[in-house]
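Morning, everyone. I will go through some charged pairs and then a metal site. Please look at the model first.

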Amino acid sequence: MSNSKGQILSNKLEIPKSDELKHPMEGYLREERFPHIWCSTCGIGTVLTGFITGLQKSGLDREKVAVVSGIGCSGRAAGYLRLDSFHSTHGRAIPFATGLALGNPELKVVVISGDGDIAAIGGNHFIHAARRNMNLTVICINNFNYAMTGGQAGPTTPEEANASTAPFGCYEYPFNLPFLAESSGAIYVARWTSLHIRRVSNSISEALLKPGFSFIEVIAPCPTLYARRNRLGSGLDLMKFYHDSAIIDHNADTRDIDIGYQDRITIGKFVDKDKPTFLENKDNFLKKKLGDKFIQYTGQNWE
Amino acid sequence: MAYWRVPLDIKKVEVPHGNVHIDKEQCKGCKFCVEYCPRDVLEMSAEFNRKGYHYPVVLKQGACVNCNLCEMICPDFSIFVMEGKPRNPEADEIIDRKDNQ
Ligand SMILES: Cc1ncc(C[n+]2csc(CCOP(=O)(O)OP(=O)(O)O)c2C)c(N)n1
Ligand code: SF4
Ligand code: SF4
Ligand code: SF4
Ligand SMILES: [Mg+2]
């Protein structure tokens, strides 16, 4: 990249490269793509730091982790990570991730994507992956709208909230994502906001270590569209709103935690249980049915 | 730390200490780090960076306790903290206390 005078401008992190002075997440990022495209005060970058620190804490081998995103501002996450990562098509992050997880059962596959990608166009994949207890961790960045395409109303837009396709306010019932995940069969369900970044990070490290379908919703500011259309101020104003309106209640019944427009947000870890995964069930079941004829697929014969 | 009363064992106590590093050109001026630093170590610059954003500057390097919150909450990966030698809080803290009054 160069400026009008032909001087070369570095678009890398301008951090001295000595061992001591390195951003602790630097090795996890594709620094050559920075600065990232997300707007000033957008919360997606904060969720990404939550993922990286959660992965660091989990102690998982980076070679055995893959990240898949769909399309949207949130869907850009995969492309900034220095891990095996894939930016799939809109709504199809979960099926792509399912393929990876089944093709190579040693991998921990993580989906990081937006509310529209996961709960609208990808909603069917979401409920079926949860139903099957597929070994995936799904992190949904919920900014209450389709941000990338101009702030349209989506499946999590609260009633009353203004969106470009709801100029007088939204009159649809939104999804309550933790309830959807739990009732579809997820073994780990949590909701946080990007303000609660340490909890996001701990929750992600916990979810990464659990075999089966784990789901973490992170509410994050979209100052450019959702907040602007609703005159809610900057991302910092929304962080202050989360501070005032988020209530931590790990024992909350997920049926009761819908999110109303600028109303209280119940956060916490709502579900944490163990249950055999899709592959475990398949193997045990077929072993029982086929006896000696059963050959277990481990992914190794794939290379 | 601004003490209400100076603890008797203050000469023996050591608190963790961090050194803050800021990549001012990558910062997008969201102010999250300034707002949520528990020790008010940072403030926003009066100057603009190349993209026209104000960026954080260190107001009181000695007061940073290496909690890493600024690093984790920053959406732009433009601030980080390295562990420094633990410090005896006495010297600068008591001065801070006077400053705060
Ligand atoms: C098949 C298909 N339909 C529609 C689109 C247009 N589109 C791109 S991103 C997007 C919505 C993204 O919303 P969300 O997943 O919430 O991400 P955000 O941008 O809010 O982070 C849509 C509808 C597309 N890219 N592909
Ligand atoms: S449009 Fe909204 S979600 Fe997309 S980068 Fe900007 S602030 Fe973030
Ligand atoms: S590490 Fe903690 S105390 Fe130090 S500047 Fe950052 S937020 Fe403040
Ligand atoms: S949190 Fe990051 S982007 Fe925001 S003002 Fe601080 S250094 Fe800049
Ligand atoms: Mg969205």
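Start with Asp283(A), which forms a salt bridge with Lys282(A), with the closest N and O atoms 3.5 Å apart. A salt bridge here is a side-chain nitrogen of Lys or Arg within 4 Å of a carboxyl oxygen of Asp or Glu. Asp283(A) is buried, at a relative accessible area of 9%, while Lys282(A) is partly exposed, at 28%. Buried means under 20% relative accessible area, exposed over 50%, and partly exposed in between, using a 1.4 Å probe and protein chains only.

Some ground rules: this is a predicted model, where local features need pLDDT of at least 70 and side-chain atom pairs count only at pLDDT 80 or more, while totals for chains, interfaces and linings use all residues. Residues are numbered from 1 along each chain as its sequence is written, chains are lettered from A and ligands numbered from 1 in the order written, and side-chain values use heavy atoms, leaving out hydrogens and water.

How many salt bridges are there over all chains? The search finds twelve. In one of them, Arg191(A) pairs with Glu217(A), the closest N and O atoms being 2.9 Å apart. Both Arg191(A) and Glu217(A) are buried.

Asp274(A) forms a salt bridge with Lys210(A), at 3.0 Å between the closest N and O atoms. Asp274(A) is exposed, at 67%, but Lys210(A) is buried, at 12%.

Last, the metal. Asp115(A) (OD), Asn143(A) (OD1) and Asn145(A) (O) coordinate the magnesium ion (ligand 5) at 2.1 to 2.3 Å. Donors are N, O and S atoms within 2.8 Å of the metal (3.2 Å for Na, K and Ca); water is not among the atoms, so sites may look incomplete.
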